[in-house]
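Please look over the sequence and the model shown here before reading on. The paragraphs below go through selected helices, strands and loops.

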Amino acid sequence: MDPAVLGTRLASSVLTPLVKQLLTRDGPGAGLVDKPVRLSGLVTFRGEKRSLGEKEVGHLAGRLVREAVQSPGEPPFPADEQEAVTAALTRRLLALGDLDMDDIQAVRLGHRRLARTLREAAPAPDLSTDAAYFLDSVTEWACLHILHFFTQRSTFVARTLVEQSRAQSELIAKVDALITRSAPRDAQDTADAQDTAFETRYRAHLAARHNRITIFGLDLRDSPDVWPLDVAYLSLEATREAGPEDAHGEPQGATTVQVRAEDAFDGHDRVLLRGEAGSGKTTLIQWLAITTTGRIPYVLPLRTLIRAAGLPSPAAFLTSADCPHTPPEGWAERVLTAGRGLVMVDGLDEVPSAERPRVRDWLLGLVRAFPGNRWLLTARPTAVRSDWLAGDGFAELSLAPMGRRTVGAFVHRWHAAAGAAEHEEPLLDALRAKPDLSLLATNPLMCGMICALHRARRGYLPPRRKALYDAALQMILTDRDRQRGMGGLDGIELDTEDQTELLQRLAYALVLAGRTEMDEATALALLERALPCVPDAARQGDAPAILRHLLLRSGVLRSPAPQVVDFAHRTFLDHLGARYAVEEGHFDVLLGHAGDTQWEDVVRMAVAHARTRERTTLLRGLLAADSPRVTLLALASLQDASAVEQEVLEEVRERAAALIPPRTPQEAAQLAQAGPFVLELLPGPQDLTDEEAHAVVTTASRLGHEGSLPVLKRFRAHTSLDVRRQLVGTWRRFDAQEYADEVIAHVGRDGLDLTVTSEEQVRAMWTMPPWRRVDLTGEYPLDEFMGALDPEGTRFLTMRSNPYITDLRKLHALPSLEFLSLMYCPEVRDLAPLAEMQLRHLSVIDLPALPTLTGLSRVTSLSSLSVIQPVPGDSLATFLPVGAPLDHLILGQGATRTTGLTGLDAFPELTRLNLSSDAGALGPRDWEQLAGHPALTRLSLGGRFLPAHGPTTELTGIRVLSLHLEAGTEERVSRFAPAVPHAHDVRLYFTEDAAPASDDVYAGLFPQADVTVHRSGQ
């Protein structure tokens, strides 16, 4: 049996889950290797952390053989040899872990030679000719999938991409020479060739410049401070808010979805990425710069750009980024005009607040002038309001705090790189046991500090952030050089206190100016004034010499460009600036800037640096601002305070009581910014309204801290659907199995979907009693999760963004399925198999391989149907199931663009119709269709459907009306109201940008009806 023929029996849906269970996937920290990976390290049945035993591998092999034997057609070999073939295939799969080769060698070998190697390692027993041929063929087919899996791993891809970038530089001279020797056919050929040659040089420059990163704290005598980025990159996650609609088109509350940070552009061309200091924003930009292949990356640090009189045009991008190469004339505009650019603007928070509108205008001007490119802007979370760019098509993502698994991966790889394995386990134990410590370890910067300090201090760590920063500065400023035998190398040796005294003056000057870098001349002037106060430093050199020493040796100060000085980490800038402000008694300055987001960390660290009486002054001053956000800032500052007067402590907590419990999701988000300290103040579930309970659960969910789990467990028996949705929706923030056991297994399931978004959650599904309603997002073959569903009990199934969904006949294994939603599944090509089921509802949403809705007309069991994509032709009746007893029809995303509502009368039982604003415009005949429909009583319309001058006919049958109104459509309500004289229930939903009138106005428009007005955010 040829492997191609065997492939018709064993589709990817069979082999892919087998391969995924046999081989390890990239975990947290993927990419933190610079060498090929041995095959024994990639299989799940070898090593200390194996997850499969030989018995389980045998089960997988048996399932694969059974699928082939039971598939339609002639059996591939005699049935009595099935057990022997299974045993032989098991031995061959197990032999994969014994091969002396790595992943790259295996890929180069090819699937046929790899299969031959496995056959030699595990020869077939005495089998018939057919059975032996089948065994060899299935081995070869499995090897093809295994090698494909290797090439899809991010570590393999990253190593390959970086190696390609490095190799490109070797081709530059050859390309230039070829261009010189080859006579171009015309001017366009010459320009294209020059662009190609330049882009080769430019990518080599990006690889050389950005493929390096400082692993903070790794300062050993025999280890480098700077490591290749492709060796050290740690994959982080980002979150974004999404507001989905339910199956009937009704809006639901916002949910939070999580993606890998490097996948930020999935579904978006414009992204505003927020992240705390040290969370990895700049490192992510570096990673995208060296691994992006289909576009031309531009890395534009705002702290450098803002120094110029004007922000750069595309022609000046490379000059502004200190690129030494000169592009061909007009190259940058050609790249952006063709939509080939990836423009990454880093550090909005490093620009003064007054300058940020100028940055926005500049960025949006570029976006509008050059559509089709990708744009990334980074900022700290509170740099600008949440909707600062939302109206201009920018999706907002936030770098998520590192979870336990990611922290564990970081700690493991840090100690492995440092050759300090003996310190790894004690530190992991400390992180698990001490909440305050685990709170600090939420980003790469802090994790690196903690690892280094733990190792240097032999297991002792400071308990608070200030002490941790002080200890880190001690290591960086002094201990590192001394441990490496480099003290006084340049003739200057300053102790930690002297360096701190000088650095804090520079830091405070930057804080006051609202900037993150200064001219070298300004730094020299500040040091000249400061040196008389630091006599030991003055004795060793003048201001230029001391500045040169700090730039070269301190590890805190650096020169990112000629004649420019800044701090290596914003964290130290705020820490040292706050220290100087407290020493100088500038409490009024601190309090005057408490409302400035750029000063938040400065104020918090000032409270930490202050003595008890000074701390009282600061905390009372914060409370006097009478601002919820500043009150939360006071509450957050308590975490860094070593001692607080009891009266002040009680006052802060009393003021916080006005904010706790939160009552809305917005209040919950604001409260969560104070940190895990608030977890001990969160009440409930007793004596809370459903809204308060939901907000409390949202607060604990957003914190995503280990201490959140006990709070969430208290609400697991709550009956509110919103509370239960939040509990299930936050599953992704915790260990999948632990959270499933502690929370989800106890949540009431009535009306609730189990939202599954990861392979770990899929595996956890197998350990829970089956759910009746499952919402699955991600690329999972049906075989991976179908077994976790109850064939007789599963009623509702949603599958999103899944290219493995191809043959819908496999859903026949769920005979009780009533509700099916297919969203963004690109390989669904025929809905006809659903005609053999007894579905009551079907959602067809953005299925690109189904432009003519193939097979939909045959699904005649439906009473409810959603079509959120264009319906072809000139009548709805051509492609929709005319014979179905449709009671409810939902249309959107161009569904009626060519058909209008022609053919609506083919569904005489229809009582409910939902039309979203993007469904397609309605003409006079469409309104007549609505007016003349015999059964239609409930109508939901997007505001853009409402005629500017009112419809030409009355809709006398409509009893329930829902209008979803955007900005610019508010005035149309008054003209439309007379068209529904018999509506007794009217619901008006206004988007956030709309400007609705008072409730009384709308009640007057519909005097015969109960009118409910829903404003966004309320």
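In which hand does H22 pass H24, right-handed or left-handed? The crossing of H22 over H24 is right-handed; a crossing counts as right-handed if the near helix is turned clockwise from the far one by less than a right angle, and as left-handed if anticlockwise. This is a predicted model, in which local features need pLDDT of at least 70 and side-chain atom pairs count only at pLDDT 80 or more, while totals for chains, interfaces and linings use all residues. Residues are numbered from 1 along each chain as its sequence is written, and side-chain values use heavy atoms, with hydrogens and water left out.

Helices and strands here are DSSP runs numbered from the N terminus, with helices (H or I) of at least four residues and strands (E) of at least two. Two packed helices are described by the angle between their axes and the distance between the axes. H22 spans residues 520-530 and H24 spans residues 543-553; they pack at an angle of about 115°, and their axes are 9 Å apart. Axes are lines fitted to C-alpha atoms, for helices over the stretch in contact, and angles run from 0 to 180 degrees between N-to-C directions. H22 and H24 are therefore roughly perpendicular to each other. Angles of 65 to 115 degrees count as roughly perpendicular, under 35 as roughly parallel, over 145 as roughly antiparallel and the rest as oblique. At the packing site, Glu520, Ala523, Leu524, Leu527 and Glu528 of H22 meet Ala543, Pro544 and Leu547 of H24, where contact means heavy atoms within 4.5 Å.

Strands of a sheet pair through backbone hydrogen bonds, either parallel or antiparallel. Here 3 strands form an open sheet in the order S10-S12-S11, with antiparallel pairing; two strands pair if DSSP finds at least two bridges between them. S10 (517-519) and S11 (557-558) are the edge strands, each with a single partner strand, so one side of each has no neighbour in the sheet. S10 runs antiparallel to S12 (residues 564-567) and is joined to it by 3 bridges.

H32 (residues 690-703) and H34 (residues 721-729) pack at an angle of about 10°, with axes 8 Å apart. H32 and H34 are therefore roughly parallel to each other. Asp690, Ala693, His694, Val697, Thr698 and Ser701 of H32 meet Asp722, Val723, Gln726 and Leu727 of H34.

The loop between H31 and H32 holds Pro685 and Asp687. The peptide bond joining Gly684 and Pro685 is cis, with omega about 10°. Asp687 has a positive phi, near 65°, in a residue other than glycine. Asp687 is exposed, with a relative accessible area of 79%. Buried means under 20% relative accessible area, exposed over 50%, and partly exposed in between (1.4 Å probe, protein chains only). Another cis peptide bond runs from Ile660 to Pro661, with omega near 5°; Pro661 is in the loop between H30 (646-657) and H31 (665-672). Asp322 also has a positive phi, about 60°, although it is not a glycine. Asp322 sits in the loop between H13 (317-320) and H14 (331-337), and is partly exposed at a relative accessible area of 38%.

Which strand is largely enclosed by the rest of the structure? It is S14 (residues 773-777), because 4 of its 5 residues are buried. S14 runs parallel to S13 (residues 754-756), and 3 bridges join them; Val756 has Leu776 in S14 as its bridge partner. The chain crosses from S13 through H36 (residues 759-765) to S14 in a right-handed β-α-β crossover. A crossover is right-handed if, with the strands pointing away from the viewer, the path from the first strand over the helix to the second runs clockwise. S14 also pairs in the parallel sense with S15 (residues 796-800), over 5 bridges, and the bridge partner of Asp775 in S15 is Thr798.

Finally, Leu342 lies in S7 (residues 341-346) and is buried, with a relative accessible area of 3%. Leu342 and Leu288 are 54 residues apart in sequence and 9.0 Å apart in space, C-alpha to C-alpha. Beyond its neighbours within four places in sequence, Leu342 is in contact with residues including Phe265, Leu288, Tyr298 and Arg374.
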